[in-house]
Amino acid sequence: FSGLLENNPLTIKTSWPHAQGIWSWGKQMDQVILLIRNPRWALPSFHAVRYELDYASNWASSFYRMGYVYTGRPAVLVWEEWRDENFEEQI
């Protein structure tokens, strides 16, 4: 890490565009190439993050659980129940 990425990042992983996401870069990111993942892979990944954040519904709760992100996966049954309940809304 050169330290230059803070001022001029090459890549940034984000969950935007999503109804629960925010674009917090303002005009700092006025030139971007937006890659959108295949929903086949994006939905399970999104659910894993929601699970790790304990399905937080506000910024403070999400921030409190940030240390749990990318540390594990929910059980398959938990994923299947969430998928069946939320698929149409997420697509």
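Student: How many salt bridges does a search of the whole structure find?

Tutor: A salt bridge is a side-chain nitrogen of Lys or Arg within 4 Å of a carboxyl oxygen of Asp or Glu. Under that criterion, a search of the whole structure gives a count of 1.

Student: What conventions and confidence apply here, and what is the average pLDDT of the chain?

Tutor: This is a predicted model, in which local features need pLDDT of at least 70 and side-chain atom pairs count only at pLDDT 80 or more, while totals for chains, interfaces and linings use all residues. Residues are numbered from 1 along each chain as its sequence is written, and side-chain values use heavy atoms, with hydrogens and water left out. pLDDT is the predictor's confidence in each residue, from 0 to 100. A score of at least 70 is reached by 78% of the residues, and the chain average is 82.

Student: Which residue forms a salt bridge with Asp84?

Tutor: Accessibility is classed as buried under 20% relative accessible area, exposed over 50% and partly exposed in between (1.4 Å probe, protein chains only). The closest N and O atoms of the pair are 3.0 Å apart, and the partner of Asp84 is Arg83.

Student: What is the pattern of the chain, read along the sequence?

Tutor: Helices (H or I, at least four residues) and strands (E, at least two) are DSSP runs, numbered from the N terminus. The chain has 3 helices and 0 strands. Read along the sequence, the pattern is α-α-α.

Student: How far apart are the end C-alpha atoms of helix H1?

Tutor: The expected span of a helix is 1.5 Å times one less than its number of residues. Helix H1 (residues 39–52) has 14 residues and should therefore span 20 Å; the separation of its end C-alpha atoms agrees, at 19 Å.

Student: Which residue caps the N-terminal end of H1?

Tutor: The criterion is a polar contact: a pair of N or O atoms within 3.5 Å, where within protein one must be able to donate a hydrogen and the other to accept it, and residues adjacent in sequence count only if both atoms are side-chain atoms. Here a side-chain oxygen lies 2.7 Å from the backbone nitrogen of Arg40, and the capping residue is Asn38.

Student: Against which helix do the buried residues of H1 pack?

Tutor: The buried residues of H1 include Leu43, Phe46, Ala48 and Val49. Contact means heavy atoms within 4.5 Å. The helix against which the buried residues of H1 pack is H3.

Student: What is the nearest side chain of opposite charge to Arg50?

Tutor: Arg50 is found in helix H1. Lys and Arg count as positive and Asp and Glu as negative, with His and the chain ends not counted. Leaving aside neighbours within four places in sequence, Arg50 is in contact with Gln20, Tyr55 and Ala56. Arg50 is buried yet has no salt bridge, and at 8.4 Å the nearest side chain of opposite charge is Glu89.

Student: What is the phi of Asp54, and is this residue buried or exposed?

Tutor: Asp54 lies in the loop between H1 and H2. Its relative accessible area is 51%, so Asp54 is exposed. Although Asp54 is not a glycine, its phi is positive, at about 55°.

Student: What is the phi of Tyr55?

Tutor: Tyr55 also lies in the loop between H1 and H2. With a relative accessible area of 34%, Tyr55 is partly exposed. Tyr55 is a residue other than glycine, and its phi is positive, near 55°.

Student: How far apart in space are Val69 and Tyr51, C-alpha to C-alpha?

Tutor: Val69 is found in the loop between H2 and H3, whereas Tyr51 lies in helix H1. Not counting residues up to four places away in sequence, Val69 is in contact with Val49, Glu52 and Leu53, and Tyr51 touches Arg73, Pro74 and Val78. Val69 and Tyr51 are 18 residues apart in sequence, and their C-alpha separation is 8.8 Å.
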